[in-house]
Amino acid sequence: MTVNGWTGNLLRVNLTDSTATVEDSLKYQDYIGGMGMGYRIIYDEVPLTTHPYDPASKFVMGTGPLTGSGVPCSGRMNISFLSSWSKGYSIIDAHMGGHIGPAMKYAGYDGMIVEGVAKSPVYIKIQDAEVTIEDASHLWGKGTFEANRMITEECGNGFESASIGQAGENLVNYSTLNTSFGNSAGAGIGAIMGSKNLKGIAVCGTGSVKVADAGKVKELSDYMMRDLVGGNNNHNVPALPQSWAEYSAVSGKNRWSGAPGRVWGKAEGGPIDTGEQPCGDINKIAYRCLKGVFDYGDVATNYIVKQGGCSSCPVRCYTQYDMDPLAEYDLPTHVSNTCMPMLYGQNFYPSGVKDFKYEGDAKVILNGASSHAQDDLGLWCNYGNLYREVQWVLSTEEGKSHIPEDEWNSLPWKWEKSCDPRWVVEIMRRIAYKEGELSVIGEGTIALAKKWGLGREYFDMVSKMNQNVTYNGYPKHHGAEDSGQVGLLFNLMYNRDCMVHHITNVTNSGAPHAVTKATMEGFFGSGCYDKMKSYTPMNRNKAKVAKWAFNGKQFHDSATLCNWMYPMTQSPSKARNYVGDLDLDAQYMTAVTGKNYTREDVEFDSERISQMLRAMTALSFNIHYESTNLRQDHDAIPAWMFDKDPDFKPFEEGTDKMDREDMELALDYFYEEMGWDIKTGIPTRKTLTKFGLTDMADALDARGILPA
Amino acid sequence: MSDETKKGLSGFLDSQMTRRQFLKISGKSIAGLTVSATMLSLFGCTQQQVDSSQIVTWAMPQGLLVVNAAKCTGCKRCEINCSLFNDQECSSYISRVKISRKLHIHGKDGLLMGNFNYSPDTCRQCEVPACGEACQKQAIFADEQGIKRVDPEKCIGCGDCVEACPWHMPTVNPATNKSGKCIACGACVQGCPTGALAVIPWDSVTAAAQEIVA
């Protein structure tokens, strides 16, 4: 029988006895793939009492039925494991783009379970059916760029690779697995692999992803690219006016930043103008996202070679630079990343920064150095907490007080004062090598707060250096600024930053508020959506939107699709009234797998994953803290979100300061939507049974925390 | 390309434009040629890109295929469209246009070689195809438009065509044991989000040339 979408195979690699076996993956179809499959396997095979670095710990690399199917933005892979750094040490995921996810599918696997510990450094080589454990002793100690280059050279041109850096080898909790160029999975997967002596993986697949209806897959893909997709984060109007477009971004700035006159200034053979990119023209989509200009302004174009990104995605969000000023410091000049590692390099310089070659290029160059060093070391930032905590140490008396004087004086301050890019590289290096007290930052916000005796007030302080969204050790990943309670609710639900982009993509799309509001209310009813910094009290429709976003993200990390791009809530098409298509995810599933999926089917399977996340979190919190109440112990919101903007009251125009009572009501409504006990926020037996998770209900019951 | 040939072709590009004449330079970088502004506009490139070897053209039955290396962003939508259209499944390996093998490391270039030089390899649609010449079963034939195709009935999957092609463009599908090669269907071009791959219809090429002559 031909299986479509899924390969039907799950690889299990045991590093202790150097074996690789293949199992049936189709039993996980109800869990979609990726994240859902990973949660089920971790729950079944790794007791939640296990220390993440213990030999009994495992991780699951999971793709899904859409990965590598040709559907746009289907290049991602999910990795599930137990957290080493966030409160509760519960289930978390890391995610990576690049090209390695589809390669796994083409090699014939929906995922890979890795267990045991190798005696010496190794990497896993997957060439279709042939899976071998290769010596990696010559790679140990190398940065991820060099390790990936060496692995690819050893294995051959057709291989994709992913490697950990020195941070993972040194068991730094903030560590990544890096692939392609600047694509990384974070959340501590580097150290999980390091604890297993596993330097990396190499994958080459000569096979294919079978699809039920190739014509339909292409038709839907073309439809998405022609009528639905916008720029990066699916921003649906261009930043600047274009002759074909009715609207451009209200603020003049969004992630659809390509425009006439804005160029890939360092392209081979001379500048390439990104020009106009009309809705409907598939052959110009990749000029829409000019991320460098979004991040730094027009000065960035002086260093842009081209845009890059992940397999299958027409929106290229990784600006690829040649920053020649870095050569003077013996640092690599070709750098690329998107988002966080490219944004905070300048914050490492409390004395201030100066430009290098063009007016305003200090941020560009310092972030180039910073992001490349971070990716090379395989160091994770915890969505910016690393940068904020370094800044707190370097720029406040209280922060500085935690660093011994000798260590403080050993820092190369002359580099800081002269705005030398090697300063930020050296700070990163010390953290990745666990050198000195400063490197406590790399152990995580919870470990730092405990070791330095910071207490709850550290999480409560009103400061740009504090973005902690709970007391669990991770910041908001967008938040209340995006439709008030809606944006905040799903931020509270995970055991890391939430990585949900459903709402921020709409809020920051650049389209007039009246247009986005009409779209959202058309889907979810009146009052479901608020203007930024002008939000209204909680209501039931907002809870429905929060639930849709929470479950929807699970689908994207399971199917897999990029949640920075999906769902297609909005559209750049005037003919569509700028309304997207929320049925598209289900239509992809049907065309690829041949099984008939409705939007309700997709949402049901996705909610199953949300319920597993919640049940496993409740169990972990009970195991490690004897907690019987997630509402109180997991979902608590730090005071800064209620105390910020002292000149404003909640619900006033101009603030996203939250109201305590109103947020309690928001949690009530959200728990009710999810079928959780209002008092404890723990799923009821009825809810878990509905999703076939009776074993998890039994486990909660056995620990005495199943709601009555 | 000799200097003399280049000199001759510079004039040629500004005057008569026929597929036959384009075939003479098909598959080669057109570096060294002076291309008219109208033609550059049609190709979607600049003289500087021509001069720095970023532009390669291929004479195809339905038009001139222009590959602009500087515009390639490595998204693989060309490979995806190729395999979905021709094989009804999605794959990099059996795609008839090749970017995956050039993305990370190829010689001195690639993402992991300290530069961002990568662009797809395309079938040259050679007039005298090495792949067809090498086929012991005469399975590679030219159709009525001159496109070289593989006859799956005759193909035994020996891989001689793959070896014979200097760029190893044909690929034997491990699942079917049949070779596949480009049939100039244009699916890759249709899906390229930067226009790094573009087909310019012959009538447009000719019209541009005539405009210059006039």
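Here follow questions and answers on a predicted model, covering a sheet, a chain contact and a domain contact.

The model is predicted, so local features need pLDDT of at least 70, side-chain atom pairs count only at pLDDT 80 or more, and totals for chains, interfaces and linings use all residues. Residues are numbered from 1 along each chain as its sequence is written, while chains are lettered from A and ligands numbered from 1 in the order in which they are written.

Biologist: What order do the strands of the open sheet of 6 strands in chain A have?
Modeller: Strands are DSSP runs of E, at least two residues, and helices are runs of H or I, at least four, numbered from the N terminus. Two strands pair if DSSP finds at least two bridges between them. Pairing in this open sheet is mixed, and the order in chain A is β2-β1-β6-β3-β4-β5.

Biologist: Why is one side of β2 and of β5 of chain A left without a neighbour in the sheet?
Modeller: β2 (19-24) and β5 (91-96) of chain A stand at the edges, so one side of each lacks a neighbour in the sheet. The reason is that each has a single partner strand.

Biologist: What angle does helix α1 of chain A make with β4(A)?
Modeller: Axes are lines fitted to C-alpha atoms, for helices over the stretch in contact; angles run from 0 to 180 degrees between N-to-C directions. Contact means C-beta atoms, placed from the backbone, within 7 Å. Helix α1 (residues 34-45) packs on the sheet and touches β3, β4 (77-82), β5 and β6 of chain A. Its direction and that of β4(A) make about 25 degrees.

Biologist: Which element of chain B gives the largest share of the side that touches chain A?
Modeller: The contact takes 47 residues from chain A and 44 residues from chain B. Elements of chain B that each supply at least two include α4 (47-51) and α6 (100-103). With 7 residues, the largest share comes from α5(B).

Biologist: How many residues of domain 2 of chain A are in contact with domain 1 of chain A?
Modeller: Domain bounds come from an automatic or database domain assignment. Chain A is divided into domain 1 (9-204) and domain 2 (229-451). Their C-alpha centres lie 26 Å apart. Domain 1 brings 37 residues to the contact, and domain 2 brings 27 residues.

Key. Two residues are in contact if their C-beta atoms, placed from the backbone, lie within 7 Å.
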